[in-house]
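Here is a short briefing on one protein structure. Please look over the sequence and the fold before reading on.

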Amino acid sequence: MRYDDPEGDYGRQKRQRQVLTAIIKSGADVQSLLKPAFLNSVSSQVRTDLTFSDLTQMAKSYRASGDQLETDYTSGTGFNQDGGSYQHISLAERQRISDLVRQAAGLKKVQLANGQ
């Protein structure tokens, strides 16, 4: 749908965030998300290097945070190179996202330099 969406890939990402937010806010039972029928239905659409144990632990750890959920995204300028579609993310945007993540994690802000 991203090619027909007026917002392009950002529209697709927004819909993905809405689905994940709804799942988290619904207080979905971790066990229901780990059932083979559910996992099989999404397995062809998801690629990760996280282990099953990692995913289970994340689900258990973040389940209570649904009431405090905030979403954001990185916005860039699109370009094509060698047959691939990419986004250039400005230093100011990378700094903004770094600051948000560090604040949420209780870490001190760090000034980014070009290339970081």
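The notes below cover aromatic pairs, a hairpin, a helix and one glutamine.

This is a predicted model: local features need pLDDT of at least 70, side-chain atom pairs count only at pLDDT 80 or more, and totals for chains, interfaces and linings use all residues. Residues are numbered from 1 along each chain as its sequence is written, and side-chain values use heavy atoms, with hydrogens and water left out.

**Aromatic pairs**

- The model has 2 aromatic pairs. Rings of Phe, Tyr and Trp (its six-membered ring) pair if their centres lie within 6.5 Å; planes under 30 degrees apart count as stacked, over 60 as edge-to-face and the rest as tilted.
- Tyr10 and Tyr73 form a tilted pair, because their planes meet at 50 degrees, with ring centres 5.7 Å apart.
- This pair links distant parts of the chain, 63 residues apart. Tyr10 sits in helix H1 (residues 9-25), and Tyr73 lies in the loop between helix H4 (52-62) and strand E1 (77-81). Helices (H or I, at least four residues) and strands (E, at least two) are DSSP runs, numbered from the N terminus.
- Tyr10 is partly exposed, at 22% relative accessible area. Tyr73 is also partly exposed, at 40%. Buried means under 20% relative accessible area, exposed over 50%, and partly exposed in between (1.4 Å probe, protein chains only).
- Phe79 and Tyr86 make a stacked pair, with 5.7 Å from centre to centre and 25 degrees between the planes.
- Phe79 is partly exposed, with a relative accessible area of 34%. Tyr86 is partly exposed too, with 42%.

- Strands E1 and E2 run antiparallel and are joined by 5 bridges. Two strands pair if DSSP finds at least two bridges between them.
- Gly78 has Gln87 in E2 as its bridge partner.
- E1 is hardly covered: the count of buried residues among its 5 residues is 0.
- The hairpin has 2 residues between its strands. Asp82 is found in this loop, between E1 and strand E2 (84-88).
- Most residues other than glycine have a negative phi. Asp82 has a positive phi of about 50 degrees although it is not a glycine.
- Asp82 is exposed, with a relative accessible area of 77%.

**Helix H5**

- H5 has 14 residues. From its first C-alpha to its last it reaches 20 Å, close to the 20 Å expected at 1.5 Å a residue. The expected span is 1.5 Å times one less than the number of residues.
- Its buried residues are Glu93, Gln95, Ser98 and Asp99.
- Gly106 follows H5 and has a positive phi, near 75 degrees.

**Gln95 and its contacts**

- Gln95 belongs to helix H5 (residues 91-104). Gln95 is buried, with a relative accessible area of 12%.
- Which residues does Gln95 touch, not counting residues up to four places away in sequence? They are Val110, Gln111 and Leu112. Contact means heavy atoms within 4.5 Å.
- A polar atom of the Gln95 side chain lies 2.9 Å from the backbone oxygen of Val110. The Gln95 side chain also reaches the backbone nitrogen of Leu112, at 2.7 Å.
- A polar contact is a pair of N or O atoms within 3.5 Å; within protein, one must be able to donate a hydrogen and the other to accept it, and residues adjacent in sequence count only if both atoms are side-chain atoms.
- Gln95 and Lys109 are 14 residues apart in sequence, and their C-alpha atoms are 9.2 Å apart in space.
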